[in-house]
Amino acid sequence: MLATTEQRPLEREEFRQAMVDAINAMRAEDSRFYRLLKSGRCPKAIIRQYAEATVHSAERFCAFVSQLAQQAPDPVSRLNLIENLLEEEGVSLVTSGLLHRPETAHPALARRFARAVGANENPQVARHAVAEGWKMLENGEWVEAVAHLLVGQELHFADAAPAIAEALEAAGIARHDVAFFWVHKTADREHGEQALDIVLRHATTRDQQERCIAEARRGAEAWMEAHGGRVN
């Protein structure tokens, strides 16, 4: 019987590039929602549905990051995730301590967008892209969940969000009301890069690396599907 040889783990930069490549193909400009907005023919009902999904996703995302932080296997990862959560909730560190500005919390900004387009600010059910991450956490797949949601979607959103914001503005929505998307241009870049570093440190076998690459891709694909799918 021939012995099986386990593949060597990818080198850090090789692994990093594979993770980035996994999400780069999911450009916001290729989504059906973006194309509809830019065409000037996007029905208002679709924008309202999208706004409700945005609110629901923002709220679920905060809860998800909280769960990730609680289950983090090391102090550095936990600190990174807590910083992510604080920013999502509108909390910043100032000289005198912690400053909480509820109006800047991402769910609050999402509700501002919903109000502007006449959508329900507190939807009970809305299509969103974060459900798979919860399933992974429930199955004990912590680093895979980070790859799926924080790399495949959060890091990906750093580039997608400003494109969506510009398209919404082109559709007649004021910049003030699409602040939710603009803040993610920088916030998601920082937190997504931290999440990528978490994955690079914790996925140490080739099998686990391959799973994380696949989950980053699946996360970005789920985001694209929530935006109407890809238009070739």
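I began with the pair Asp159 and Arg189, which forms a salt bridge whose closest N and O atoms are 2.6 Å apart; I took a salt bridge to be a side-chain nitrogen of Lys or Arg within 4 Å of a carboxyl oxygen of Asp or Glu. Asp159 lies in helix 7 and Arg189 in helix 8 (residues 179-202), so this pair ties together parts that are 30 residues apart in sequence. Helices here (H or I, at least four residues) are DSSP runs numbered from the N terminus.

I note that this is a predicted model, in which local features need pLDDT of at least 70 and side-chain atom pairs count only at pLDDT 80 or more, while totals for chains, interfaces and linings use all residues. Residues are numbered from 1 along each chain as its sequence is written, and side-chain values use heavy atoms, with hydrogens and water left out.

I then looked up accessibility, where buried means under 20% relative accessible area, exposed over 50%, and partly exposed in between (1.4 Å probe, protein chains only). Asp159 is partly exposed at 48%, and Arg189 is also partly exposed, at 32%.

Next I went through other salt bridges, of which the count comes to 17. Glu169, partly exposed at 23% relative accessibility, forms one with Arg175, with 3.0 Å between the closest N and O atoms. Arg211 and Asp207 meet through their side chains at 2.1 Å, N to O, and both lie in helix 9 (residues 206-226), 4 residues apart, about one turn of the helix. Arg211 counts as partly exposed at 33%, as does Asp207 at 47%. I also recorded a network of salt bridges that links Arg12, Asp74, Asp197 and Arg201.

I turned to the nonpolar core, meaning a set of buried Ala, Val, Leu, Ile, Met, Phe, Trp, Tyr and Cys residues joined through side-chain atoms within 4.5 Å. The largest has 71 residues, and Met19, Phe113, Phe181 and Val199 are those with the most contacts inside it. Helix 7 (residues 142-170) gives the most to this core, with 17 residues. For Met19 I listed the contacts (heavy atoms within 4.5 Å) beyond its neighbours within four places in sequence, and found Ala147, Val151, Leu196, Val199, Cys212, Ile213 and Ala216.

Lastly I checked the cysteines. Cys212 is buried, with a relative accessible area of 0%, and Cys42 counts as buried at 13%. The count of disulfides comes to 0, a disulfide being a pair of cysteine sulfur atoms within 2.5 Å.

Technical notes. Helices (H or I, at least four residues) and strands (E, at least two) are DSSP runs, numbered from the N terminus.
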